[in-house]
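Subject: Structure handover and findings

Hello,

Here is the structure you asked for. My notes on it follow below.

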Amino acid sequence: GNRILIERNRALLVVAINGGDVQPLATDSTRDLHSCEWSLRNDWIVCVSGNSPSTIPGVNFGNIAPSAIVLVPVAGGELVNVTDNVSLNVSPVWSPDGGHLYFVSNREGPRDIYVVDVPPDGNIRSEPRRITTGLGLQSVSFSASGDRLAYVTYVARANIWSMPIPTAGVVDTSRAVAVTNSSQVVESIRVSADRQWLLYDSTLHLNADVFRMPISGGAAERMTTDPADEFAPDLSPDGREIAFHSWASGSRDIVVKPLDAGPLQTVTATPAQESYPRWSPDGRAMAFVDQYLNTLNIIQRDAVGTWGQPTELRRNVQVQGEWLDGKTLAYPRNSGLELIPVDGGPSRIVYAPAPGSDDPVVRSVARSDDGQTLYFKSFDAEGESTIWAVSTVGGKPRLLVRFSDPSRPSVRNDFAAGGGQFYFTLEDRQADIWVAEITGR
């Protein structure tokens with residue numbers, strides 16, 4: 001009760017409750033540290049490393065991006081890994097005696113409670129043990145007496161819906177029709193360059209895989225089967241390769257998979273968070289966003305198919321944008337919408353909300369089939385999502401779609417446009433709080 005732990009800019013700091021200097025404790029330079037808890041023995045602090053948005057109510061709450069459980073010595077020193085970071089590991093809590101660590105993980109399927117023994121030296125000698133089966137947990141907490149456990153069960157469904165792009169006036173989503181209808185969560189949606197395919201990621205098989213289905217209708221085709229999560233697919237302009245970001249290495253990396261059953265090609269392989277690949281119209285370059293630095297990058301491929309080193313184009317960029325043409329990218333930046341030349345020249349601001357106004361903030365961007373209009377998704381002060389249109393030459397945005405039905409919200413930034421249709425997800429999130437009596441065995 002004499003010290004306060006502070007999480008700031010991926011670092012842990014400690015300050016005495018009666019004031020004094022802030023003492024640095026630990027830093028994870030590649031991922032954020034959050035959900036920390038002191039051990040009652042006062043020797044270790046446990047934290048989650050990575051995917052803090054999954055714990056914050058809003059757009060990314062409950063997402064399944066991987067994270068790790070780590071131990072931080074109270075006396076200072078190196079972090080100790082309790083788990084790997086190729087699955088979701090969250091909500092760590094100490095047992096009342098401080099000798100056991102409980103947490104929630106999806107390492108073997110649905111999110112369940114796991115426990116691992118933590119000796120005073122922090123040298124963990126055993127693998128975590130699963131102690132519940134199929135609960136679908138979000139978080140856990142012990143009572144102070146240690147004889148009760150409170151936990152939250154969480155179930156989410158997010159399927160793809162579509163509707164015609166309005167040509168006049170403002171419409172709501174009552175005219176939308178379901179494209180998919182499964183017990184799954186879809187995050188990213190993409191229309192192929194030839195407007196023949198709908199690409200998306202899905203948790204239909206528990207972890208996130210990449211799928212495609214014909215725009216005209218038909219069965220979905222599973223494109224990846226790796227136990228690691230894959231997200232945000234984009235089909236190459238010639239239809240022969242699919243790009244996505246994968247968590248196989250423990251961080252987001254861009255991967256290209258040939259559709260002729262050839263070997264996977266790793267485009268980026270760093271501890272950074274490269275995500276949301278976007279093929280250039282000629283298929284010889286790719287744009288992507290590093291979610292750690294919020295930078296927009298471009299990477300080129302030579303005539304024999306070898307990828308070079310990425311070049312940073314801009315900072316403070318949101319992840320979902322578009323190629324406007326072979327020389328220009330359209331991305332959300334600084335709450336507005338910018339056209340960014342791939343040669344590194346100056347940007348042209350298509351739209352910027354007035355400071356202090358109710359103007360919509362740009363969260364994600366899609367382009368019209370003719371390339372003359374850009375669509376963007378936004379959220380108002382009450383969290384209601386909307387889709388707007390603005391000319392590529394600039395001007396005042398025009399409101400097209402309101403998601404006004406509170407029972408069918410579209411929570412994520414992601415959406416797509418193509419073939420005269422908008423594609424987006426409508427979500428259903430449900431949670432319950434439970435209390436369990438604990439008995440020893």
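Which residue is the bridge partner of Phe-211 in β19? The partner is Arg-222. Strands here are DSSP runs (E, at least two residues), numbered from the N terminus.

Some ground rules before the rest. This is a predicted model, so local features need pLDDT of at least 70 and side-chain atom pairs count only at pLDDT 80 or more, while totals for chains, interfaces and linings use all residues. Residues are numbered from 1 along each chain as its sequence is written, and side-chain values use heavy atoms, with hydrogens and water left out.

The sheet around β18

β19 belongs to an open sheet of four strands, ordered β16-β17-β18-β19, with antiparallel pairing. Two strands pair if DSSP finds at least two bridges between them. β16 (189–191) and β19 are at the edges with a single partner strand each, so one side of each has no neighbour in the sheet.

β18 and β19 (residues 221–222) pair over two bridges. Arg-212 is opposite Glu-221 in β19. The β18/β19 hairpin has six residues between the strands, and Gly-217 takes a positive phi there, near 110 degrees.

On the β17 side, β17 (residues 197–205) and β18 pair in the antiparallel sense over seven bridges. Leu-198 stands opposite Met-213 in β18. This hairpin has one residue between the strands; Leu-206 takes a positive phi near 80 degrees.

Buried means under 20% relative accessible area, exposed over 50%, and partly exposed in between (1.4 Å probe, protein chains only).

The sheet around β5

A second open sheet runs β4-β5-β6-β7, again four strands with antiparallel pairing. Its edge strands are β4 and β7 (80–81), each pairing on one side only. β4 (residues 33–38) and β5 share four bridges. β5 and β6 share six. Val-46 in β5 stands opposite Glu-37, and its bridge partner in β6 is Leu-71. The β4/β5 hairpin has five residues between the strands, and Asn-42 takes a positive phi near 65 degrees.

Aromatic rings

A search of the whole structure finds 11 aromatic pairs. The criterion: rings of Phe, Tyr and Trp (its six-membered ring) pair if their centres lie within 6.5 Å; planes under 30 degrees apart count as stacked, over 60 as edge-to-face, and the rest as tilted.

Why is the pair of Phe-61 and Tyr-154 edge-to-face? The ring centres are 5.3 Å apart and the planes are at 90 degrees, so the pair falls in that class. The pair links distant parts of the chain, 93 residues apart: Phe-61 is in the loop between β5 (44–49) and β6 (68–73), and Tyr-154 is in strand β13 (residues 148–164). Phe-61 is partly exposed, at 22% relative accessible area. Tyr-154 is buried, at 6%.

Phe-103 and Tyr-114 are stacked, with 6.0 Å centre to centre and 20 degrees between the planes. Phe-103 is in β9 (residues 100–105) and Tyr-114 in β10 (residues 112–117), 11 residues apart. Both Phe-103 and Tyr-114 are buried.

Tyr-351, Phe-376 and Trp-388 form one aromatic cluster.

Two charges sit over rings. Here NZ of Lys or CZ of Arg must be within 6 Å of the ring centre and within 35 degrees of the ring normal. The charged end of Lys-377 is over Phe-403, 5.3 Å from the ring centre. Arg-408 lies over the face of Trp-161, at 4.7 Å.

Ile-433 is in strand β37 (residues 421–437). Ile-433 is exposed, with a relative accessible area of 70%.

Best regards
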